[in-house]
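Please look at the sequence and the 3D structure first, and then return to the text.

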Amino acid sequence: NKAEQINIHVLYGDTDSLFLKNPSKEQIEQLARWTEHELKMSLDVDKVYRYAVFSSRKKNYLGVLEDGSVDVKGLTGKKRHIPIFIKKAFDRMKERLATVKTPEDFENAKGDIAETVRDCYMRLKRREWESLRELAFNVVLGEEPERYIKTTPQHVKAARILKEGGMDLKAGDLISFVKVVKEPHVKPVELATKNEIDVDKYIAYLHSTFDQVLDALGLDFDEIIGLTKLERFL
């Protein structure tokens, strides 16, 4: 409210931060002085975005910093192990967003990003990947495979398959696995074949990886890949 009183356009506020549109240095200093005096809190400029896009979801936005790097808020930790096949597409999207300078550029970028997602989807459907390594999830064993008792994460299931084949595994080893159709639905990448891959699982992962960013961009994954409303319902 104070920011608006001194004619700063507030775009968004979240817990301990404010997103302000083109405030002057004097306005920022005035707001900081008031906050220090009235609220006994100090304010600092954290980041300056060339542009930012806010979605309808709370705590979900993306901003392009002045150096062109893309800052995406709302992506979850599970994306750390993203298969390189999908990561390449995600990186292409970020690189495209970094080139945007004007609102017209932004609209053109949205079309290119939709095409990137559609291309990745179609290549999955047609099983057009260079090698299974591109589809691998890479996760480090926290402890020996046999010590997982209460729960059995997917990388541990893959590790146990390797162990049954005679491989000696210990905590700290990197396990690379892919998602397959048959039980236990995972397989060490070195033992899997192209036809075993559960393409639907990878499409779902593609969807979840891009979903929050597409939402901020006003794009819809199902529309991009060409699903009709009836197909979505089914």
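The paragraphs below go from the whole chain to a sheet, then to aromatic rings, and finally to single residues in loops.

## The chain as a whole

What is described here is a predicted model, and every value in this report was computed from it. The protein chain contains 8 helices and 8 strands. Along its principal axes, the C-alpha atoms fill a box of roughly 70 × 45 × 35 Å. The radius of gyration of the protein chain is 23 Å, whereas a compact globule of 234 residues would have one near 17 Å. Of these 234 residues, 39% count as buried.

## A sheet of three strands

In which order do the strands of the open sheet of 3 strands follow one another? The order is β3-β4-β5, and the pairing is antiparallel. The edge strands are β3, which covers residues 49-54, and β5, which covers residues 70-73, and each of them pairs on one side only. From one strand to the next, the twist averages 15°.

Strand β4, made up of residues 61-65, is joined to β5 by 4 bridges, and these two strands run antiparallel. Within this part of the sheet, Y61 stands opposite K73 in β5. The hairpin of β4 and β5 has 4 residues between the strands, and in this hairpin G68 takes a positive phi near 95°. As a general point for reading such a sheet, side chains in a regular strand alternate between the two faces of the sheet.

## Aromatic rings

The count of aromatic pairs comes to 11. Why is the pair of F19 and F54 called edge-to-face? The ring centres of F19 and F54 are 5.3 Å apart and their planes stand at 80°, so the pair is edge-to-face, given that planes over 60 degrees apart count as such. Because F19 lies in strand β2 (residues 17-21) and F54 in strand β3, this pair ties together parts that are 35 residues apart in sequence.

F54 also forms an aromatic pair with Y61, and this one is tilted, with 5.6 Å from centre to centre and 40° between the planes. Together, Y12, F19, F54 and Y61 form one aromatic cluster. Of these residues, F19 is buried at a relative accessible area of 11%, and Y61 is buried as well, with 10%, while F54 counts as partly exposed at 26% relative accessibility.

A ring also takes part in a contact of another kind: the charged end of K179 sits over the ring of F137, at 5.0 Å from the centre of that ring.

## Residues in loops

Some backbone details are found in the loops. A cis peptide bond, with omega about 0°, joins E183 and P184, and P184 has its place in the loop between β7 (174-179) and β8 (186-188).

Two residues other than glycine have a positive phi in this model, namely N22, with a value near 50°, and R127, with a value near 55°. N22 is found in the loop between β2 and α2 (25-39), whereas R127 is placed in the loop between α4 (103-125) and β6 (137-140).

Is I149 buried or exposed? I149 is exposed, with a relative accessible area of 72%, and its place is in the loop between β6 and α5 (154-164). From C-alpha to C-alpha, I149 and V189 are 24 Å apart in space, and they are 40 residues apart in sequence.

| Residue | Relative accessible area | Class |
|---|---|---|
| N22 | 69% | exposed |
| R127 | 24% | partly exposed |
| I149 | 72% | exposed |

Methods:
Residues numbered from 1 in each chain as written. Heavy atoms only, no water. Pairing = 2+ DSSP bridges. Axes fitted to C-alpha atoms, helices over the stretch in contact; angles between N-to-C directions. Phe/Tyr/Trp six-rings, centres within 6.5 Å; stacked < 30°, edge-to-face > 60°. Buried < 20%, exposed > 50% of the residue type's maximum accessible area, 1.4 Å probe, protein only. Lys NZ or Arg CZ within 6 Å of the ring centre and 35° of its normal. Rg over C-alpha atoms; globule rule 2.2 N^0.38 Å.
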